[in-house]
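Open the structure in your viewer and keep the selection panel at hand. The stops below can be taken in order.

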Amino acid sequence: MLTVLLLMGGALLAPAEPPPLTAPRAALDAALQCGPPGNGQHEPVLLIHGTSVLPEENWGWNYQTWLAREGYHVCTVRLPLRSMGDIQSATEYAVHAIRTLHARTGRKVDIFGHSQGGVEARWALLWWPDVRTMVDDVVTIGTPHHGSWVAN
């Protein structure tokens, strides 16, 4: 995917139209895994895992279990290559997950990202402006919002 950045007065301008998703539809669909629908009192939650782990390793022993027990509809997205590949390609999986979860529930989605999963959430909202109206809250933990020297 070729991305062009426009700078105006120091501000980054996102595209008016979202770029197309290039990942195979079957792979995008298979990456989204959801638990029970919850009690309906909360917005659905999308958990986006960090670099080098899988959703069940990152979330299965903590937030996924706790949020479901509290009545939330919890979904995870499995990023390709344990999120160690191209961040633009991985973000397509987050975008598809947001769109799909919003369409299934008719509600805005809350996103919880760990490490690079927080960056995936930010990229999704920046480069695919259509998903902005589908998301309510974004929470990130351990996310390198200003880059990371260890990523080299």
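Keep in mind that the model is predicted.

**Helix H4.** Select residues 87–105, which form helix H4. At 1.5 Å a residue its 19 residues should span 27 Å, and because the end C-alpha atoms are 27 Å apart, the model agrees with that expectation. At the start of H4, look for Asp86: one of its side-chain oxygens comes to within 2.9 Å of the backbone nitrogen of Gln88. After the helix comes Gly106, with a positive phi near 70°. Buried residues of H4 include Tyr93, Ala94, Ala97, Ile98 and Leu101.

**The core.** Next, select Leu46, Ile48, Val77, Tyr93, Ile98, Ile111 and Val131, which have the most contacts inside the largest nonpolar core, a set of 26 residues. Which element gives the most to this core? H4 does, with seven residues. Now centre on Leu46; beyond its neighbours within four places in sequence, its contacts include Ala94, Ala97, Ile98 and Leu101, as well as Ile111 and Phe112. A second, separate core has six residues, among them Val45, Leu47, Leu67 and Val74.

**The sheet.** Show the strands: five of them make an open sheet in the order E3-E5-E4-E6-E7, with mixed pairing. E3 (32–34) and E7 (135–141) are at the edges with a single partner strand each, so one side of each has no neighbour in the sheet. From one strand to the next the twist averages 20°.

Zoom in on E6 and E7, a parallel pair with five bridges. Here Phe112 is opposite Val139 of E7.

Conventions
Residues are numbered from 1 along each chain as its sequence is written. This is a predicted model: local features need pLDDT of at least 70, side-chain atom pairs count only at pLDDT 80 or more; totals for chains, interfaces and linings use all residues. Side-chain values use heavy atoms; hydrogens and water are left out. Helices (H or I, at least four residues) and strands (E, at least two) are DSSP runs, numbered from the N terminus. The expected span of a helix is 1.5 Å times one less than its number of residues. Buried means under 20% relative accessible area, exposed over 50%, partly exposed in between (1.4 Å probe, protein chains only). A polar contact is a pair of N or O atoms within 3.5 Å; within protein, one must be able to donate a hydrogen and the other to accept it, and residues adjacent in sequence count only if both atoms are side-chain atoms. A nonpolar core is a set of buried Ala, Val, Leu, Ile, Met, Phe, Trp, Tyr and Cys residues joined through side-chain atoms within 4.5 Å. Contact means heavy atoms within 4.5 Å. Two strands pair if DSSP finds at least two bridges between them. Axes are lines fitted to C-alpha atoms, for helices over the stretch in contact, and angles run from 0 to 180 degrees between N-to-C directions.
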